[in-house]
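Biologist: I'm new to this one and would like a close look at a single part of it. Could you walk me through the middle of the fold and whatever sits around it?

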Amino acid sequence: SARRGVHAWRRGDDAENARDSAAGCGVNMRRTVTLSAVALFSACGPSKPEPIAYDADQCNYCRMQISDPRFGAELLTRHGRAVKFDSIECLVAFYKQAVVANDVGSVWVSDFQHPGTLIEATHAAFVDLGAGRAPMGRGWAAVPTADDAIKLGVSDPRAVRHWGDLL
């Protein structure tokens, strides 16, 4: 009987330990889910481009040094890798390959009026400055709006292009 009481006490203790363990499992499960969510969002990579180190970074497409902050560009892959370019022409050529591989997160181009400031290519207006006026010779420059393109001296608004027009 004394023994029975001890045994009964142990069974009750085991039940209490099981409840504590289940509660702890819930905490561990929440912690696991939270850490998994953080890891998932971290794996998606940054949503903003990395700064381009002019006169140090190299164009990922043509391998020239990126030196003119009016024409730099960057593509962020779906995994967050920053791919840098010396011109819009090199960006477009690389983009056409990356989009087939479904590896484009976002695309950024330098604001011609604010050299070194990157703007989203999908929101930018593009103007053709003429052959020989950009690093790769084609002459594409980007500005935030079509009105900014007019300020650059584009007299015909139909000459202003958008990202989809360059592809």
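To start with, how many disulfides does the count come to?

Modeller: Keep in mind that this is a predicted model. The count of disulfides comes to zero. Take Cys 62: the closest cysteine sulfur, in Cys 59, is 3.7 Å from its own, and that is too far for a bond, because a disulfide needs the two sulfur atoms within 2.5 Å. Cys 90 is in no disulfide either, as the nearest cysteine sulfur, again that of Cys 59, is 3.8 Å away. The surroundings of these two are worth a glance as well. Cys 62 is partly exposed, with a relative accessible area of 24%, while Cys 90 counts as buried at 2% relative accessibility.

Now for the inside. The largest nonpolar core has 28 residues. Those with the most contacts inside this core are Leu 75, Phe 85, Ile 88, Leu 91, Val 109, Phe 126 and Trp 163. Several elements give two or more residues to the core, among them strand 1, strand 2 (82-85), strand 3 and helix 4 (163-166). Helix 2 provides the largest share, seven residues.

Leaving aside residues up to four places away in sequence, Ile 88 touches Phe 71, Val 109, Phe 126, Trp 140, Ala 141, Ala 142 and Leu 166. There's also a second, separate core of ten residues, and Ala 141, Val 143, Ala 149 and Val 160 are included in that one.

Next, follow strand 3. Six of its six residues are buried, so strand 3 is largely enclosed by the rest of the structure. Strand 3 pairs with strand 1 in the antiparallel sense over four bridges; at one of the pairings, Leu 76 has Ser 106 in strand 3 as its bridge partner. Strand 3 and strand 4 also run antiparallel, joined by four bridges, and here the bridge partner of Trp 108 is Glu 120 in strand 4. To get from strand 3 to strand 4, the chain takes a hairpin through two residues.

Asn 102 lies in the loop between helix 2 (88-100) and strand 3 (106-111), and its phi is near 55°, a positive value in a residue other than glycine. Arg 63 also has a positive phi, near 70°, and isn't glycine either. You'll find Arg 63 in the loop between helix 1 (2-43) and strand 1 (73-76).

Methods: Residues are numbered from 1 along each chain as its sequence is written. This is a predicted model: local features need pLDDT of at least 70, side-chain atom pairs count only at pLDDT 80 or more; totals for chains, interfaces and linings use all residues. Side-chain values use heavy atoms; hydrogens and water are left out. A nonpolar core is a set of buried Ala, Val, Leu, Ile, Met, Phe, Trp, Tyr and Cys residues joined through side-chain atoms within 4.5 Å. Buried means under 20% relative accessible area, exposed over 50%, partly exposed in between (1.4 Å probe, protein chains only). Contact means heavy atoms within 4.5 Å. Two strands pair if DSSP finds at least two bridges between them.
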